[in-house]
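User: I am new to this structure. Please walk me through the terms used for it.

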Amino acid sequence: MASMIRKKVAMLGSFAVGKTSLVRQFVSGIFSDSYLTTVGVKVDKKTLHVDQRDVALVLWDLHGEDEFQKIQSTYLRGTGGYFLVADGTRGHTLDIARNLRESARQVVGDAPFSLLINKHDLRAEWEIDDAAIEQCRADGWIVHLTSAKTGDEVEHAFVDLTRRMLDG
Amino acid sequence: MGDAPDPLRGQLLDLLLHDRTAAWLEVSDAMRVLRSGGDLAAFGLESAVEDVEVLGYASFLVGLIPVQSGPLVLPQVKTANGRYADVHVSSTGGRTLVLVVDATPQAERLATLQQWGNDLQLDRERDAARGDRETRERRGRAQTLTAAVFLLRVDPHEHQTTAPEAVLSLRQRGLASLALCVSEHAGFMHRHSVTESLALFGILPSDGSPAYQAAAAAVDAVDSVRELAPRTDTPTPFTIHVAAGIATGEAVLGNSAVGNSVVPAVFGDPVDRALNLALRAPPHGVLADESTWSSCDSPGQPLAAERLSESASGSPLFLFERG
Ligand SMILES: Nc1nc2c(ncn2[C@@H]2O[C@H](COP(=O)(O)OP(=O)(O)O)[C@@H](O)[C@H]2O)c(=O)[nH]1
Ligand SMILES: [Mg+2]
């Protein structure tokens, strides 16, 4: 039996954008309103069946870049694909995502990635507007508007990234 | 651990001396475990035994083996059973050595500090979004904490000419040493204001009582400064004194920085009380008042406290010493 396909996927973004919540929604289908900051990195697993193949995703939920911790590039070694996560209600988190894209590129080169603009359930309060989203798409980025709370677009985003990792 | 591969032995010995739990794996390029040892179960790695496919049990290694260039250190990886570990990975000659070392206390301390900072930052962003500038600048959070105030004095000996730089450098070493000791102990918050000779720390509870942690931190910090003091056989022209006061109570944690940065600050009654106590403490003593002392009880505490005679205000004061 051929050994299982395994891919490492990293979650990158400012703190409190919903990285941990997205992973938890995707892996266990649950959501919590309380915010517990992530220290270091938490590694989770989930197996997906994509295009007749079983793929074990190993999800690296990194701490958000903040005053106390800078994301260490060593965490990104061996990454097959990654998500840049921004919080739609906090405009500057998109700038942080753009910066993280540059740092990530230096370690993982052209590995596939998607931008997740999260907290879509709070769309009325968003600071990130359609023009900014269109700009990202014009730059060739794949963008999903997700909600870790309702689960909207979450599974789809992971399946899409997995497919692109398998094609790559 | 006697059967560990040679390159790991020295490293392991050092680590064990520091009392940290550790485990190790030796893995082939075909991802098979060749050997493993140490406290594997502590990290949920008990199934990573000889001949199993390692990635099924240590998924954090996916994509990493073999390590392409030089050894790799992954700090504070949360392992299957909730413990944090620093993971060291290095590959040579078709084999990869993985060393997993407990880092839970460090990670938990960082979490306390970071949670507080991130919460504060989120509050500020929310306020800013509301355009509520005034609140944003003043915003604080009330919380029970223990303030620790240290008074540091560097005295030239009699008949010595003063050398200001030497005094300054000893004072700075003293302050640095205080900061280090306090941060080692507790959800260390912040060196709030450092004037010529005053250092203020707010100590948040990370586990157990903040007063207890503050007392332990203060005693350590005072000891560390005392160690900077010249030994009798090597005369130097200065003496360094330190005294501390600790007080528990409701304080406000705020941010004294403008803009987007975070410079934590602590204000309120415990700060004033701690300062008063520091002023009255004997050299190298840590003084607490009755309410702080009574919230300090903790089984197995390494401190002894001496009940001082009635203070001027009529309530007893408590002096801590290393037990
Ligand atoms: N309304 C809403 N809140 C969310 C969503 N995702 C995360 N949150 C909340 O945002 C906060 C930060 O989430 P967390 O996953 O810890 O962020 P991380 O620091 O990026 O891991 C928490 O209070 C979550 O409950 C979402 O899609 N909608
Ligand atoms: Mg998180």
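Analyst: Here is a short exchange on strands and a pocket. This is a predicted model, where local features need pLDDT of at least 70, side-chain atom pairs count only at pLDDT 80 or more, and totals for chains, interfaces and linings use all residues. Residues are numbered from 1 along each chain as its sequence is written, and chains are lettered from A in the order in which they are written.

User: What makes strand β3 of chain A largely enclosed?

Analyst: Buried means under 20% relative accessible area (1.4 Å probe, protein chains only). Eight of the ten residues of β3(A), residues 53-62, are buried, so the rest of the structure largely encloses this strand. A strand here is a DSSP run of E, at least two residues.

User: How do you know that β1(A) pairs with β3(A)?

Analyst: Two strands pair if DSSP finds at least two bridges between them. Seven bridges join β1(A), residues 5-13, to β3(A), so they pair by that definition. They run parallel. R6(A) stands opposite A56(A).

User: Which way do β2(A) and β3(A) run, parallel or antiparallel?

Analyst: They run antiparallel, with ten bridges between them. K45(A) of this chain stands opposite V58(A) in β3(A). β2(A) and β3(A) form a hairpin with two residues between them. In the turn, D51(A) has a positive phi of about 50°.

User: What lines the second largest pocket?

Analyst: Its lining divides into seven nonpolar, four polar and four charged residues. Ala, Val, Leu, Ile, Met, Phe, Trp, Tyr, Cys and Pro count as nonpolar, Asp, Glu, Lys and Arg as charged, and the others as polar. The largest share, four residues, comes from β2(A).

Technical notes: Heavy atoms only, no water. Buried < 20%, exposed > 50% of the residue type's maximum accessible area, 1.4 Å probe, protein only.
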